[in-house]
Amino acid sequence: MKLSTKGRYGLRAMVDLAVHEEEGPVSIQAIAKRQDLSEKYLEQLLGMLKRAGFVRSVRGSQGGYRLAREGREISVGDVLRALEGDLSPVDCSGFSENTSCRASSSCVTKYVWKRLGECMEATLDGITLEELACQSKSLEAGEEPQAFTGNNIR
């Protein structure tokens, strides 16, 4: 699986919101500047994340974006699925009821793709924005970030 810029940049924006959540609503301009991203592209990504229920916008002169839920309640997998869609490593119909693959009954590689997909999902769902925000703050403070615990795997 290779993520597009939607997934990569969108996740960076979400981590930025998590890091700066105590400051109130964060402007697109501030995120774009800190993350070196295009404001126009960021606006599109935040729109997708808003429709998915992960961010909310605040209007007004002090407006911007905020996380719609606590950072510990949003996983990397949630964000990537909202931006990228299905995270399966391959399009394999071997496990589908309505399979159109003629080799499905004798194909053993489908088990590789299934296991790979399950491992990726468990990893991505096991890392939260809160965890990434803590890692980011450690890096900014010049500290060595801690390894991911994996305790958040759902």
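**Reading helix H3**

Guide: Helix H3 covers residues 39–51, and at 1.5 Å a residue its 13 residues should span 18 Å, which agrees with the 18 Å between its end C-alpha atoms. The expected span is 1.5 Å times one less than the number of residues, and helices (H or I, at least four residues) and strands (E, at least two) are DSSP runs numbered from the N terminus. This is a predicted model, in which local features need pLDDT of at least 70, side-chain atom pairs count only at pLDDT 80 or more, and totals for chains, interfaces and linings use all residues. Residues are numbered from 1 along each chain as its sequence is written, and side-chain values use heavy atoms, leaving out hydrogens and water.

Visitor: Which residues of H3 are buried?

Guide: An α-helix has 3.6 residues a turn, so residues three or four places apart point the same way. In H3, Leu42, Leu45, Leu46, Gly47 and Leu49 are buried (under 20% relative accessible area, with a 1.4 Å probe and protein chains only). Their cover includes helices H1, H2 and H4 and strands E1 and E2.

Visitor: How do H2 and H3 cross?

Guide: Their axes come within 9 Å and cross at roughly 115°; axes are lines fitted to C-alpha atoms over the stretch in contact, with angles from 0 to 180 degrees between N-to-C directions. Ile28, Gln29, Ile31 and Ala32 of H2 meet Glu39, Leu42, Glu43 and Leu46 of H3, contact being heavy atoms within 4.5 Å.

Visitor: What follows H3?

Guide: Just after H3, Gly53 has a positive phi of about 85°.

Key: Buried means under 20% relative accessible area, exposed over 50%, partly exposed in between (1.4 Å probe, protein chains only).
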